Amino acid sequence: MSTLAIEGLQWGDEGKGKITDYYAEKAEVVVRSQGGDNAGHSIVHKGHRYALRLLPSGVFNPMVTNVLADGMVINPSALSGEIEGLKAEGVGEFHLLISSRASILLPYHIALDHAREEALGKAKIGTTGHGVGPCYEDRASRIGVEMGDLLYPGYLRERLASALTIRNKELSLYNVKPFDLDEVYEGLIEESKSLLPYITDTSVFLQKALKEKKRILFEGAQGAMLCLTHGTYPFVTSSSPLATAIPLNTGLPLSSVSEIVGIVKAYSTRVGAGPFPSELEPEEAAVIRERGHEYGTVTKRPRRIGWIDTAELRYAAAISGIHYVAIMLLDVLGAVGEINIVTKYLIDGKEIDYMPSTVTEYASVKPVYETLPSWAEDISGITTYETLPLNARRYVEEIEKLTGLEAIIISVGPDKDQTILRKEIFR
Ligand code: IMP
């Protein structure tokens, strides 16, 4: 198999960065295709922790070409800052291509994101505040600017003028000071200077790589439940993290994704607002939060914690056609006493084994749990499945049984060597 997609099956922060980094060693091309610097991958490389937001995880392998593809929203100041930051830490030898079709995220998108959230008050989405929603809106409204426009400054300035005509009107409704065209334009030109050599038609590059059977890794951002169409709308992001969106977001054919690995945390977490049926009470949540370091990579917000939800996982796997999963952070559940697994829900006293499609119903479900004992041993040094404590294996196998998914990787710690591989699918 020459291409592999990594998709989060929950609400993001499943540990995709570690698995992408793991497969990136075998890849020749690593692609990010949606989202922007709302994402935050925390990767431990050679004992050092790096927080990547826009750059694909292939940056640690100098043989890899890293691609920021068409469906992304890119804040040039964040991207150039990230590149400089890595260089300062000695990671400067990487190949990067930026799609000329990717949308440029600008300061007025960030201002709008904040103003909207504030106006919504209690009904706010709990966005990361990085302007991602308003940037995608501009694209859909056809007032957005693309990375390729940076190569044509006259045209770029005209496009910014049109966008600001509209966006400044909206900002005035929130009493936000209008953005000055010259300032936005000049700031953008300055911040994008170092990015210009990387801008190209990445779909042409990717199509060629696919024809040449290069090993391509598609790195997902966020998780299936944050999908704009299939997630827990409106508490979602503004793009689709599903692997099925990859062809559209990269300019590749439908057949371009050979296999998908779903990334699943051994429990659930969510940041931002929205229903979360298996959410734990604050004291119980605090134990797992501290052990799992469950604070946002980007916003540092404490993550909400819940038990694993197999009804949610069955749904997420079904909408993307996933067969394989990596179970992450299993070590965190050691010595917690009892572990609960959501098997189905009760809605108005009636059992359902699926996830309701409306947020109103989803907010009213009561989870039905199956309870398994935890294990007392520290499993963070275990390297083979067979040597995991019996209760840890029972937990993994119960998730497999309830979801119909095969757990091919079990992660027992943040380092690369704390990974139990049960099946190799990316050669
Ligand atoms: P936005 O993407 O910043 O508009 O935020 C919309 C929702 O998606 C909020 O609930 C965010 O917390 C959530 N979100 C966006 N990106 C991530 C991520 O990388 N991990 C987890 N949640 C995210």
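**Exercise 1. Proline 356**

Proline 356 has a relative accessible area of 8% and is therefore buried. The term buried stands for under 20% relative accessible area, exposed for over 50%, and partly exposed for what lies in between, with a 1.4 Å probe and protein chains only. The structure is a predicted model, in which local features need pLDDT of at least 70, side-chain atom pairs count only at pLDDT 80 or more, and totals for chains, interfaces and linings use all residues. Residues are numbered from 1 along each chain as its sequence is written, and side-chain values use heavy atoms, with hydrogens and water left out.

Task: State where proline 356 is found and which residues it is in contact with, leaving aside its neighbours within four places in sequence.

Solution. 
Step 1. Proline 356 is found in the loop between strand 17 (350-352) and helix 11 (359-364). Helices (H or I, at least four residues) and strands (E, at least two) are DSSP runs, numbered from the N terminus.
Step 2. Apart from neighbours within four places in sequence, proline 356 is in contact with Tyr345, Glu361, Tyr362 and Val365. Contact means heavy atoms within 4.5 Å.
Step 3. Valine 336 is 20 residues from proline 356 along the chain, and their C-alpha atoms are separated by 30 Å.

**Exercise 2. Helix 5 and helix 6**

Task: Describe how helix 5 and helix 6 cross, and classify the residues of their contact.

Solution. 
Step 1. Two packed helices are described by the angle between their axes and the distance between the axes.
Step 2. For helix 5 (residues 153-173) and helix 6 (residues 181-192), the axes come within 10 Å and cross at roughly 135°. Axes are lines fitted to C-alpha atoms, for helices over the stretch in contact, and angles run from 0 to 180 degrees between N-to-C directions.
Step 3. Helix 5 and helix 6 are therefore oblique to each other. Angles under 35 degrees count as roughly parallel, over 145 as roughly antiparallel, 65 to 115 as roughly perpendicular, and the rest as oblique.
Step 4. Helix 5 contributes Pro153, Leu156, Arg157, Leu160, Ala161 and Leu164 to the contact, and helix 6 contributes Leu181, Asp182, Val184, Tyr185, Leu188 and Ile189.
Step 5. These residues divide into ten nonpolar, no polar and two charged. Ala, Val, Leu, Ile, Met, Phe, Trp, Tyr, Cys and Pro count as nonpolar, Asp, Glu, Lys and Arg as charged, and the others, Gly among them, as polar.

**Exercise 3. Helix 2 and helix 6**

Solution. 
Step 1. Pro76, Ser77 and Ser80 of helix 2 make the contact with Leu188, Glu191 and Ser192 of helix 6.
Step 2. By class, this contact has two nonpolar, three polar and one charged residues.

**Exercise 4. Backbone angles**

Task: Say what is stated about phi at asparagine 175 and histidine 293, and whether each residue is buried or exposed.

Solution. 
Step 1. Asparagine 175 is not a glycine, yet has a positive phi of about 60°. Asparagine 175 is in the loop between helix 5 and helix 6 and, at 74% relative accessibility, counts as exposed.
Step 2. Histidine 293, also not a glycine, has a positive phi of about 50°. Histidine 293 is in the loop between helix 9 (282-291) and strand 13 (304-306), and is exposed with a relative accessible area of 58%.
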